[in-house]
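I'm opening my notebook on a new structure today. I'll jot down each thing I look up, one entry at a time.

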Amino acid sequence: MAATLSTITPLLKEVYEGRIREQLNNEITALKRIERSSAGVSNETGGKYVTFPVHTRRNAGLGARNEMEALPAAGQQGHASARVGLKHQYGGIQLTGQAIAMSSSDPKAFAKALDNEIEGLKNDFKKDLNRQIYGSGNGAIGTVRANGTGVNIVPVADARLFQIGAIVDVVTLPSTVAVSARTVTAVDLTAGANTVTLSGATFNVATGQIIVRTGSGPSASGNREITGLEAIIANSGVLYNIDPASEPEWTAEVSANGGTGRALSEGLMIQMADRIRTRGGQTTVIFQSLGVRRSYFNLLSQTRSTVNQQEFKGGFTGLAFTTDNGEIPVVADVDAPLGKQYFVNEDALTFYRDQEAHWLDRDGSMWKQVRDSSGDYDAYYARLVEYHELGTDRRNTHGLISDIIES
């Protein structure tokens, strides 16, 4: 009887090629642009808060008078004090001693388990920060868009940012955890679906609830994640301890359509740039989702014979929006919310942090042996940490166009 592949399988070698083939998108467009120069990052945050004054009102002691009329009453400039407190972001890895030993050389594994986990966590850490750049600080990865009774499959407004294997809570705002510590087992991005499947017993959900990483949602004492563009680029709401109800200049420019989708137009974009300019601001970049980028590309294609990608300062490429004050980069970000364009002045944003992401090693070593009430284990863990916050010293130099129909 002839030997076949089936009969000789036990004798065949399995040949492994060295590098791991990446299957995940690690783009961090917004984070990179904000950190593109040392001017956009501050490491001088050793205290509890970063505090800075903002100029909010002019001297009102002005007026014209005829001869021998009383002069205007003296006035003064108006100021408010912004206060930015740092948020705390962590990441962790754990490996058994056996896994470390068995993967210590290339023939034994695709990559050394240790190096793979360390570099992978660093990438995941930055990727999650890029998501937070667009948030309000409440930790929302997605928002429940419909009521459900006795479900595991949750309809959400946008399922793109969920990751299979993530541990999440369902939170009723402002801060009540309704469902805790569930694993994301499936994500459906097909047209008309946008659902997330969570593990465990069935539960009830309600429209407007948010889904967050377990333990990262809002608390009674405030938000845990960084204050992102959703909170910064708003025309209401207290920001950094300043209330626009008492300081009206402390608002951004917002163009919305009541939740009804509308076609993007150059007129809308010019109007937003002009509104920001009228308030003394300027736009250095426009962030948008891929779908809004397609809508903008189609808009340009209708009015111009050619549409060229341009390379901007810092190595970023994208389309350009032309104004009488020059061209503004229009940059697509895979993590940007759907149906929105963010008109951002990067010079008015600062990413505050005590130092870049680093390993907790206060006792001299980043690796700690795993121990619990049952004893010690041949396993080791490490924790990555960064204390940080995104701040702006001029809220009215930013703008938002929402309710845009995506192509």
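In which segment is Asp403 found? I looked, and Asp403 sits in the segment after strand 23. (Helices, H or I runs of at least four residues, and strands, E runs of at least two, are taken from DSSP and numbered from the N terminus.)

**Ground rules**

I'm working with a predicted model, where local features need pLDDT of at least 70, side-chain atom pairs count only at pLDDT 80 or more, and totals for chains, interfaces and linings use all residues. I also noted that residues are numbered from 1 along each chain as its sequence is written, and that side-chain values use heavy atoms, with hydrogens and water left out.

**Entry 1**

I stayed with Asp403, which has a positive phi of about 60° although it is not a glycine. Asp403 counts as buried because its relative accessibility is 19%. (Buried is under 20% relative accessible area, exposed is over 50%, and partly exposed is in between, with a 1.4 Å probe and protein chains only.)

Tyr240 has a positive phi too, near 55°, and is a residue other than glycine. I found Tyr240 in the loop between helix 5 (229-232) and strand 13 (253-255). Tyr240 is buried, since its relative accessible area is 8%.

I also wrote down a cis peptide bond between Leu173 and Pro174, with omega at about 15°. Pro174 lies in the loop between strand 8 (167-172) and strand 9 (176-188).

**Entry 1: the whole chain**

I got 7 helices and 23 strands for the chain. Of its 407 residues, 42% are buried. Then I checked contacts (heavy atoms within 4.5 Å): among those between residues at least 6 apart in sequence, 74% join residues at least 24 apart.

Is strand 18 (residues 341-344) covered on one face or both? Both: Gln341 and Phe343 on one side, and Tyr342 and Val344 on the other, are all buried. Next I looked for pairing, where two strands pair if DSSP finds at least two bridges between them. I followed Tyr342 in particular: Phe287 is its bridge partner, and Leu400 in strand 23 stands opposite Tyr342.

I went on to Gln288, which belongs to strand 14. Gln288 counts as buried because its relative accessibility is 0%. Leaving out residues up to four places away in sequence, Gln288 touches several residues, including Arg293, Tyr296, Val330 and Gln341.

Ser295 is part of helix 7 (residues 290-303), and counts as buried because its relative accessibility is 8%.

Arg371 is in strand 21 (residues 368-372). I put Arg371 down as exposed because its relative accessible area is 54%. With residues up to four places away in sequence not counted, Arg371 touches Asp376 and Tyr377. Asp376 is also the bridge partner of Arg371 in strand 22. Strands 21 and 22 (residues 375-392) run antiparallel with 4 bridges, and a hairpin joins them through 2 residues.

**Entry 2: empty space**

Rolling a probe the size of a water molecule over the atoms shows where empty space is left. My terms, on a 1 Å grid over the protein atoms alone: a cavity is a set of points where a 1.4 Å probe fits but cannot get out; a pocket is an open set with protein on both sides within 12 Å along at least five of seven lines; lining residues have an atom within 4 Å of a point. Grid points are joined across faces, edges and corners, and a volume is the space filled by probe spheres set on the points.

I looked up the second largest pocket and noted a volume of about 570 Å³. It is lined by 27 residues, and the closest to its centre are Ala140, Ile141, Thr143, Glu230 and Pro337. Strand 5 gives the largest share of that lining, 4 residues.

How many cavities of 30 Å³ or more does the structure hold? I counted 1. The largest cavity has about 40 Å³ of space, and its lining includes Ile141, Phe162 and Arg213.
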